[in-house]
Amino acid sequence: MAMRWAFALIAVSIFFVCLFGCERVEHNAPRVEVFTPGYCGHNVLVRYRLYHDEPDASILVEYSQDGGRAYYRASEGYGGDGTRNLAASETGILHIFAWDSLKDIVDANGRPTLSTNVMLRITPYAHKKGAPVVVGPFIVNNTDNVPPTALILETAGECGNVLVKYIVSDNNGDAAKVKLEFDAGAGFNDARVAVDAGGDPLTQLSSNLPEEKNDENNQLDNWVIKGVVLGVNTDLSGKIYAELSEDPPASGTYHLSLYSDRAHTIKVAEGTITGNGRLNFTDAISGLSVAVDLTYVADDGDIELVCGRTHYLVWDSFSDLGPNYSPGASIRIVPFDSCSEGIPSNAVTIDIDNRPYPNGKGIFYDTELAEKDIGWHWSISVAMKDFDGDGHDEIVVACYSGTYVVIYDALNNRLHPRWLGTRSYPRQVLVDDFDADGRKDIFLANKGPDEFWWHSATDWWKFTVMRIGPQETRGATLGDFDGDGDNDVFVCNLGYNYIWRNDGSRNFSSVVVPFGRKEDNRGAAVSDFNRDGKLDVYVCGRFRDMIHFGNGDCTFEDKSGTNIPQDGVTSWRAVAFDYDNDGDPDIFVAKWGQNRLLNNDGNGRFYYDNDLPKDRDNSRDVTHFVRDGVNYLLIGNRGTLCRLYRVYDKRLFDVTPVNLPVRAAFTYGVCVGDVNGDGKPDAYIANDGYDTLLFGRP
C-alpha cells in the first residue's frame, strides 16, 4: 500500500511540475496580406503573403456576392498551393489560392454567371486564429469562356504502349480534361489510353501558371498570361521568350517584350512600367493579356515561359491497331474545360509496328529455348556472367531441385544446363570473382548454410563448394563494404543481417549488422546513397524497410527512422539507379502490392515519387538495364505478367505490351545480360514451372 501511495505522489508531483514549472512558448497569431484579383473569372488565382513566427500556418478562404453581408467557403480550384500547412515566416512567404469560381458564382439554375460585387475573406490560423483580411469588391465574369488549347510536344515508342508528352493551356485557368484520337487511314477515332501505365489522369488537369526558366535574378514572378493559343503565340514547344530591358538606361522605365521564337524575331506582346511593381498590359495586336511582378536588377534576354502545364499519357496502340504494321498513323489531343471543347492539337505521325519478331519493334522476343531445353523446375533466382570469356553470358539458375549453369550453344541454338549437384534450398544466387583469381565464382544464399562455389582452374564448368554459416538467409547482395578492393556479401536474414567479409583468398568472417533484431529481411540494394564515398545498404523487409549508411569498415549507422518512408507493405527486392538523372542513386522497391519509387534528395534522405504505373502486382524481383541509352526496369511478379518499365523524362512508364512477350507465371527471379553476344540485353525469367529466355531484338 505504501508503494502505491509513493507512485501516486510522484505522478502528482510530475503533473504539477509540468503544469506550472515548464516554460511555455507563446506564439503570435498568423497574419496575411491579400492582393485583389481584379477583373477575373473561372479559375481565379488569388495571391497572398503569409506571415507567422512558426514555420507553417493554414488559411480559410470565403467569398461574398452581397458586399460582405454573407460569406461562404470558397471552392478550391487547380494550380494553387492548397490551404493547410502552408510555409510561413516572419517576413512573409508568397502563396496562391486557386479559387474555382465556376462552382460558386452561379445563377439560380446553377449556370456560371456575372457578379459585380464580389469580396474575398482570408483568415489565417495556426495555434491561434489570425485576423481576417477582406479584399474587394471586384467583378467575377463567368459568362465569357475561351476554350483550352493543347500541343503534343513529343512521343516515345513505336509499338505497344506509346508515351505522349503534351502541354495544355486554358486562358481562364480552368481545370482541363483531354481525350486522345488516332487516325490509321480511316479518319480520327477515339484512342485507347492505358490509364494505369504511368501517365497523368485525363481529367482535372492543371492548365495555368506559366513556368519560368532562366530568370537567374528572379526579376519576373507570378506570371498570368491570357489569350495564348499554343503553337500560334508560342513556338512548337509551347514556349514564349521574354526580354527585359531598362530603356532609356538608368531611367527607371522598364520595357518587357514577349516573342514566340527563341531568336526574338516574332514579337507577340510588349509593355512598359516605371519603377518596380505589378506590370499589367494587353497587347493591341495579338490580344495577349499579361500580368507579372517586376523587380528590375539588370537587362535579361534569355527568359523562357512554358505557357500551360506539361502532362503525359500512354497510348495503347496494340488495342487500337492490333498486331500489325501501321505506317503513318497519326494521333492528336482534344482538350476540354467545364464549358466547352477546345480545338484539336497538332497531329503527330508515328510508324507503329506491333508485329511479332522478326518484323516488329518489340524490345524482346521469346526464344522458347528454356521450355524446350531445361524443362519444369521451381526456379528461385537467376544471375548472368561470362564464365568462359567467349563474350556470351552464361546463366546461373538456383532452384529447389538444384542449381545449374546454362550454356548457350549459338551454332545449334540450344541451351545446355550443367548441374552443380547442390541440394540446398537457395533464396538468391550471386556471381563474382570472390578469390581474385580471374574466374567467376558462385554464391548461394540458402535456407541453411550459405555456399561458395569456387570456379575450377582447369575446366570452367567445374566447381568446388564451401559451406559457411547456419543462418536462414532470405537474400543477399554484393559490395566492397571495407574498401579493400574485393566484394563482400551483405546477407539478409531472419533476424540480424550480417556481412560475409571477404579477405580475397577464400576466407570469410561473419560481421553482424546490429539493427532490426526481429526483422524478416528479404533483399537489399547497395549504393553510395549519401554520397560520402562509402557504400550504404537499403534493406527490404516483411514489415518495414531499413537503410544503413556505411562507415567504410563493415560497420553502419542506421537511418531507417529518419531517412526513408514506410508503408507497412512487404518488400522483396530493390534496385538502386539514378532515374531522374540528378547525380544521386534513387531506389525502386519490388513490393507485395504497389511497388514504390524512392527519390533521393542528394543526401540520402528519400521520399516517395508517386508518378509511376499503378500495377498492384505481387512483385518478387527487379533488375535494371540500359538499352540504346534508355533506362529500363524488368519486374518479376508472382501470378501475374512480368512488367517492363521505361524511364522517360524522369518518370516511369509501363511499356510491357509487345515489348515483353511473356505469359502470367509464378516468377521469383529476373536477370538481364547478353546470352547470344550480340550487344543487346537478353532477359531470363525464373519461374515456378517453365522458365523463359528472351533475346533482345537486334
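Colleague: In which strand is L478 found?

Modeller: This is a predicted model, in which local features need pLDDT of at least 70, side-chain atom pairs count only at pLDDT 80 or more, and totals for chains, interfaces and linings use all residues. Residues are numbered from 1 along each chain as its sequence is written, and side-chain values use heavy atoms, with hydrogens and water left out. Strands are DSSP runs (E, at least two residues) numbered from the N terminus. The run of residues 473–479 holds L478, and its name is β33.

Colleague: Is L478 buried or partly exposed?

Modeller: The classes rest on relative accessible area: buried is under 20%, exposed is over 50%, and partly exposed is in between (1.4 Å probe, protein chains only). L478 has a relative accessibility of 21%, so L478 counts as partly exposed.

Colleague: How far apart are the C-alpha atoms of L478 and D488?

Modeller: Contact means heavy atoms within 4.5 Å. Not counting residues up to four places away in sequence, L478 touches L430, V431, D432, F434, N487, D488, V489 and V526. D488 is 10 residues from L478 along the chain, and their C-alpha atoms are separated by 5.9 Å.

Colleague: What is the C-alpha to C-alpha distance between A87 and T149?

Modeller: A87 lies in strand β5, residues 86–87, and counts as partly exposed at 36% relative accessibility. Its contacts beyond four places in sequence are L50, P55, D56, I93 and H95. T149 is 62 residues from A87 in sequence, and the distance in space is 33 Å.

Colleague: Which residue in β32 is the bridge partner of W453?

Modeller: Two strands pair if DSSP finds at least two bridges between them. An open sheet of four strands runs in the order β29-β30-β31-β32 with antiparallel pairing; its edge strands, each pairing on one side only, are β29 (426–432) and β32 (463–468). Strand β31 (residues 450–455) pairs with β32 over six bridges in the antiparallel sense. The partner of W453 in β32 is V465.

Colleague: Which peptide bond is cis, with P137 as one of the two residues joined?

Modeller: Most residues other than glycine have a negative phi, and most peptide bonds are trans. P137 is in strand β8, residues 133–141. With omega about 0 degrees, the cis bond is the one joining G136 and P137.

Colleague: Where is P248 found?

Modeller: The peptide bond from D247 to P248 is cis, with omega near 0 degrees. P248 is found in the loop between β15 (239–246) and β16 (253–259).

Colleague: What is the phi of C554?

Modeller: C554 is in the loop between β39 (546–550) and β40 (556–558). Its relative accessibility is 2%, so C554 counts as buried. C554 is a residue other than glycine with a positive phi, near 70 degrees.

Colleague: What is the phi of R506?

Modeller: R506 lies in the loop between β35 (497–502) and β36 (508–513). R506 is partly exposed, with a relative accessible area of 32%. R506 is not a glycine, yet its phi is positive, at about 70 degrees.

Colleague: How many disulfides does a search of the whole structure find?

Modeller: A disulfide is a pair of cysteine sulfur atoms within 2.5 Å. The search of the whole structure gives a count of zero.

Colleague: Which cysteine has the sulfur nearest to C399?

Modeller: C399 counts as buried, because its relative accessibility is 0%. C399 is in no disulfide; the nearest cysteine sulfur is 15 Å away and belongs to C671.
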